[in-house]
Amino acid sequence: AIVEFQLTQPAIFDVLTVKNAPNTKLEVVSSAQEETQYYCFILSERNKISRGDIVENTEQNLLIPVGNSVLGRAIDVFGNALDNKPFSAKKFKSIHTHTTTEIETAVTPKEILNTGIRAIDFFTPVLKGSKIGLVGGAGLGKTILLTELIHNVVIASNQSKESISVFSAVGERSREAHELLENLAEAKVLDKTVMVVGQMGENPAVRFRTAYAAATIAEDFRDTGTDVLFFMDNMYRFSQAGYELATLMHSVPSEDGYQPTLPSEIGTLHEMLTSVPEAYITSIEAIYLPSDDLFDYSVRSALYYLDSYIVLSRDIYQSGRLPAIDLIA
């Protein structure tokens, strides 16, 4: 959407509301051709917005609740509860305000986290504070393997009070997030977990910002000295949401037709997930392979930031060997 400001100009990332529909939110992302006009992402339903509506500036970024109040909860990118329980947060943080981590203070992962899955522990060991990718095409078991890792690392190991888990559901099925929520509750570890959900039915702006919202929560726990296990399903859907937004804004496409800002978007997200001496963030990300192409530009852009990646093979899957990990790849 294009919004025109006649008096005070907004700052980038300011959240706007429509006067006739206060629950409708927009986010300023860049200036348009005219000096007083700005491109904005529509974060709510489009059918409640029409040409000529009066828009008000909240002069705030998109805020997400952080801290212990979000533990045990499933929330959306606005901090609204999705689990039908009362929710009152006391501490909020902008998803665009990040802690700067100097390269000298970044931690090099060394300690191995035992997952109990031999193909992973032998060939692509998960290091505490590292970033791991589960890479594969459609239907090869990325989400199942991610769920198994959550079970083994979070549930079966009965992680300590000093460690929490953040699950970022970006652009995948709501059924999977609901099943995970029930499994965590049944295993009595939900009180050490927070889920940030922006599923495939949401508009691209919500899906895109959901990843940053979850990373902001993880970053806040890290800054308070708490180790974090960060799970994301799916990194490709994050890239895809950015591509949809770039198309709407008529950006000139880059390699493979993706948005030219893709590397910086993925870089910013992974920079937030950096481990420091005070606390670790161990990131495990599912990455969908379009057309089973490991050289897809969006996939390659994510692989640069991973310490190791687990490649799932369609040939191995069809031969009946599970998990369908290509050990050589």
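## Helices and sheets of a predicted chain

Helix α3 (residues 174–186) lies across β7, β12, β13 (193–198) and β14, and runs at about 170° to β13. Contact here means heavy atoms within 4.5 Å. Angles run from 0 to 180 degrees between N-to-C directions, with axes fitted to C-alpha atoms, for helices over the stretch in contact. The model is predicted: local features need pLDDT of at least 70, side-chain atom pairs count only at pLDDT 80 or more, and totals for chains, interfaces and linings use all residues. Residues are numbered from 1 along each chain as its sequence is written, and side-chain values use heavy atoms, with hydrogens and water left out.

**Whole chain**

- The chain has eight helices and 16 strands. Both are DSSP runs numbered from the N terminus: helices are H or I with at least four residues, strands are E with at least two.
- The radius of gyration is 20 Å, which agrees with the value near 20 Å for a compact globule of 329 residues. This radius is taken over C-alpha atoms, and the globule rule is 2.2 Å times the number of residues to the power 0.38.
- Along the principal axes, the C-alpha atoms fill a box of roughly 60 × 45 × 40 Å.

**Seven-stranded sheet**

- Seven strands form an open sheet in the order β7-β13-β12-β14-β15-β11-β16, with parallel pairing. Two strands pair if DSSP finds at least two bridges between them.
- β7 (73–75) and β16 (308–311) are the edge strands, and each pairs on one side only.
- On average, neighbouring strands of this sheet are turned by 15° against each other, direction ignored.
- Strand β12 (residues 163–170) runs parallel to strand β14 (residues 227–233), and seven bridges join them.
- V166 stands opposite F230 in β14.
- Helix α4 (residues 204–223) lies across β7, β12, β13, β14 and β15 (281–288). Helix α4 runs at about 175° to β12.

**Five-stranded sheet**

- Five strands form an open sheet in the order β1-β4-β3-β2-β5, with antiparallel pairing.
- The edge strands are β1 (2–4) and β5 (55–57), and each pairs on one side only.
- From one strand to the next, the twist averages 45°.
- Strand β2 (residues 15–18) runs antiparallel to β3, with four bridges between them. The bridge partner of V15 is E27 in β3.
- A hairpin of two residues joins β2 to β3.
- Strands β3 (residues 21–31) and β4 (residues 37–42) run antiparallel and are joined by five bridges. In β4, C40 stands opposite V28, and I42 stands opposite L26.
- The hairpin from β3 to β4 goes through five residues.
- In a regular strand the side chains alternate between the two faces of the sheet.

**Helix pair α5 and α6**

- Two packed helices are described by the angle between their axes and the distance between the axes.
- Helix α5 (residues 235–248) packs on helix α6 (residues 262–272) at an angle of about 135°, with axes 10 Å apart.
- α5 and α6 are therefore oblique to each other. Under 35 degrees counts as roughly parallel, over 145 as roughly antiparallel, 65 to 115 as roughly perpendicular and the rest as oblique.
- From α5, M235, F238, S239 and G242 meet L262, E265, I266, L269 and H270 in α6.
- By class, this contact has five nonpolar, three polar and one charged residues. Ala, Val, Leu, Ile, Met, Phe, Trp, Tyr, Cys and Pro count as nonpolar, Asp, Glu, Lys and Arg as charged, and the others, Gly among them, as polar.
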